[in-house]
Amino acid sequence: MRIADALTAAVLMLAGGVVIFDAVRLGIGWGTDGPRSGFFPFWLAVLLVVTSFLILVQTLRSSSTAPFVTRQQLGPVLKVLWPATVAVALMHFVGLYVASALYLGYYMRAVGRHGWFLVLTLALLIPLVTFLIFETWFLVPMPKGPLEAWLGY
Amino acid sequence: MGLENLLLGFQVAITPFNLVVAVIGITLGTIIGVLPGLGGANGVAILLPLTFTMPPTSAIILLTSLYWGALFGGAITSILFNIPGEPWSVATTFDGYPLARQGEGGQALTAAFTSSFVGALFSIALITLFAPLLAEIALKFGPPEFFAIQLLTFSSFVGLGGGNPLKSLASILIGFILGAVGLDIVTGQLRMTFGVTELMKGFDFIVAVIGLFGIGEILLSVEEGLAFHGARTGMNLHVVLDTWKILPRYWRTFVRGSFIGFWMGFKPGGATPASFMSYAFAKRFSRRPERFGRGELEGVVAPETAAHAAGVAAMLPMITLGIPGSPTAAVMLGGLIIWGLQPGPMLFKDKPDFVWGLIASMYTGNIIGVLMVLAGVPLFAAILRIPFAILTPLIVVVCAVGSYAVHNSMMDVWYMLIFGIIGYVFKKLDYPLAPLVLALVLGDLAENALRQSLIMSQGSLSIFFTRPIAGAITTLAVLFFLLPVLTPWWRRLRGVPATAPTSTHG
């Protein structure tokens with residue numbers, strides 16, 4: 001927990017530094033018609049650097065030994081994260097509906113170990129219902145791929 | 001005068017279409033409240049794109065109804081499954097779950113819903129009375145006053161929010177900085193884009209809400225390897241009527257909870273402390289405090305009344321000042337802007353049918369809501385019997401759809417995943433998420449108010465102290481910011497040993 005906490009504070013300090021750098025480029029003073037673009041971000045970032053420095057000091061002085069995440073906890077978290085990331089990447093190529101079907105199917109089968117019948121039914125039904133609600137009912141378009149193009153959408 | 005307007009509002013709220021919208025909103029809201037990982041804020045965020053084509057009044061009724069539904073739904077999981085759906089239903093689990101284990105789940109649920117309803121009604125009545133007055137005062141506000149109120153909003157997270165004040169401050173600053181990314185509308189310059197075209201649009205708070213609260217919450221809940229151990233309910237009309245016969249006995253708790261809820265609620269982040277405070281008071285004044293925590297009905301009544309009263313009260317600053325009291329209200333405020341309405345005191349003058357329709361719909365929505373949840377408990381509880389391996393990917397897909405629909409941009413879906421990871425890490429490290437979201441929403445408004453104030457004063461910060469209203473509010477805000485520093489010092493002065501900072505969620 002301590003290391004993760006200190007690391008986060010350090011990252012925030014760094015981010016604050018980057019913002020200060022950009023704010024100075026934009027101008028932090030008084031322009032022709034009021035404060036320049038960098039004025040507000042500059043002071044926010046200065047405060048962020050100070051705050052995260054204090055958090056860093058506070059963390060390093062504490063003596064918490066609890067781990068940020070245990071191996072048993074990280075497993076399921078990654079099992080959600082990496083298929084979701086793959087699914088989002090797939091959306092660029094095959095559209096949201098097909099990617100969702102594959103993601104739902106994969107997760108239910110590989111993690112939930114549900115029967116094939118249930119997996120296939122739900123993996124097809126959920127994207128289909130989403131399609132009906134968004135594309136046909138509320139006319140909100142989602143990313144589509146070759147399958148939808150073939151079907152004429 | 002006020003009554004006339006309210007009647008006008010009821011004429012708007014009680015059209016068949018708006019009633020159907022309310023029923024749909026409450027149903028979806030209750031489902032969202034019951035589902036782990038989805039709460040009021042991201043439920044409203046996901047649904048927001050669907051309202052773009054609706055008339056604004058129906059749209060706000062849909063979103064507020066969803067919010068009431070989510071508030072009711074949180075109680076179901078707390079009592080039957082010992083899983084607080086929202087931080088403010090944590091206190092409901094203390095006595096709700098033991099009651100359910102003893103086979104009194106029906107009684108506990110009836111008490112929870114009825115208390116929620118009473119608390120909500122109390123707050124709505126106060127909103128009806130005070131909203132026009134507050135809007136009238138707010139009409140006289142200039143940029144310095146608005147900036148002072150923003151300052152007060154954020155200072156109360158630091159000073160009164162509980163948890164680590166430094167981390168609350170860091171969250172606020174991160175929110176404001178993220179909000180500043182992209183085009184500066186005043187000077188037309190690009191800020192913090194570092195030449196990346198995708199960053200020009202900046203970060204949309206809706207995507208941030210869906211990622212931080214939706215995906216982040218899912219990651220956090222799978223960590224525990226979730227298995228639900230639900231208690232059975234015997235819920236029928238008989239139980240409901242029997243419970244209603246007992247409830248008037250706790251009228252003191254109802255009154256106390258309502259007042260605490262309203263008072264804490266119109267300040268940001270108030271619902272959670274309100275529910276705990278109300279629970280603590282009920283225990284303190286009870287004739288049998290030893291029964292609390294083992295299944296005392298009053299221990300369900302107290303937090304639920306306060307939490308729901310606070311949840312409703314959070315709408316008051318949103319409609320009168322244009323400053324949301326909770327993340328959910330913040331998302332609704334974003335909706336208002338998208339629908340082409342200018343949030344703030346002018347709404348009462350420009351769009352009375354919208355404001356009063358909204359206030360009237362709070363009455364109708366909560367009446368329909370309490371009846372629907374009382375009838376639908378077995379149905380809603382059944383949702384939690386859906387295996388986790390089906391719910392998890394389903395929620396992820398719903399979140400992705402909601403994020404994409406905001407701007408039709410795949411980039412937003414990636415942001416959602418990144419915000420999800422940030423939300424997970426921040427939650428674990430006790431960085432509060434609500435102030436981050438609020439700062440992201442209010443970023444532009446706050447910056448403009450600050451700029452205009454400084455132009456008025458030619459660059460001097462003294463303008464926030466010399467104008468009487470702004471001065472009073474700013475002073476209070478500064479006091480709140482300094483509270484975490486002053487409290488230990490004050491304790492030492494009085495010879496009380498300083499207590500270690502306790503980490504409270506929410």
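Residues are numbered from 1 along each chain as its sequence is written, and chains are lettered from A and ligands numbered from 1 in the order of writing. Because the model is predicted, local features need a pLDDT of at least 70 and side-chain atom pairs count only at pLDDT 80 or more, whereas totals for chains, interfaces and linings use all residues.

**View 1. Overall form of chain B.** Chain B has 21 helices and two strands; helices (H or I, at least four residues) and strands (E, at least two) are DSSP runs, numbered from the N terminus. The radius of gyration of chain B is 22 Å, close to the 23 Å that the globule rule gives for 506 residues, so chain B is as compact as a globular protein of that length. This radius is taken over C-alpha atoms, and the rule is 2.2 Å times the number of residues to the power 0.38. Along the principal axes, the C-alpha atoms of chain B fill a box of roughly 70 × 60 × 55 Å. Of its 506 residues, 61% count as buried. A residue is buried if 20 or more other C-beta atoms lie within 10 Å of its own, exposed if 12 or fewer, and partly exposed in between, with C-beta atoms placed from the backbone.

**View 2. Overall form of chain A.** Five helices and two strands make up the secondary structure listed for chain A, in the sequence pattern α-β-β-α-α-α-α. The radius of gyration of chain A is 24 Å, whereas a compact globule of 153 residues would have one near 15 Å. Chain A is divided into domain 1 (2–61) and domain 2 (71–151), with bounds from an automatic or database domain assignment. The centres of these two domains, taken over C-alpha atoms, are separated by 39 Å. Of the 153 residues of chain A, 33% count as buried.

**View 3. The contact between chains A and B.** The contact takes 52 residues from chain A and 47 residues from chain B; two residues are in contact if their C-beta atoms, placed from the backbone, lie within 7 Å. On the chain B side, α7 (165–180), α8 (205–223), α17 (388–407), α18 (410–428) and α19 (434–456) each supply at least two residues. The largest share of that side, 11 residues, comes from α17(B). By class, the side of chain B that touches chain A has 34 nonpolar, six polar and seven charged residues. Ala, Val, Leu, Ile, Met, Phe, Trp, Tyr, Cys and Pro count as nonpolar, Asp, Glu, Lys and Arg as charged, and the others, Gly among them, as polar.

View 4. Helix α17(B) has 20 residues and reaches 30 Å from its first C-alpha to its last, close to the expected 28 Å; the expected span is 1.5 Å times one less than the number of residues. Of the 20 residues of α17(B), 17 are buried, so this helix is largely enclosed by the rest of the structure. Asn408(B), with a positive phi near 50°, follows α17(B). Helix α8(B) is mostly covered, with 17 of its 19 residues buried.

**View 5. Surroundings of Tyr103(A).** Tyr103(A) lies in helix α3 (residues 71–110) of chain A and counts as buried because it has 24 C-beta neighbours inside 10 Å. Leaving aside neighbours within four places in sequence, Tyr103(A) is in contact with Pro83(A), Ala84(A), Ala87(A), Pro393(B) and Val397(B). Tyr103(A) and Ala123(A) are 20 residues apart in sequence and 8.1 Å apart in space, C-alpha to C-alpha.
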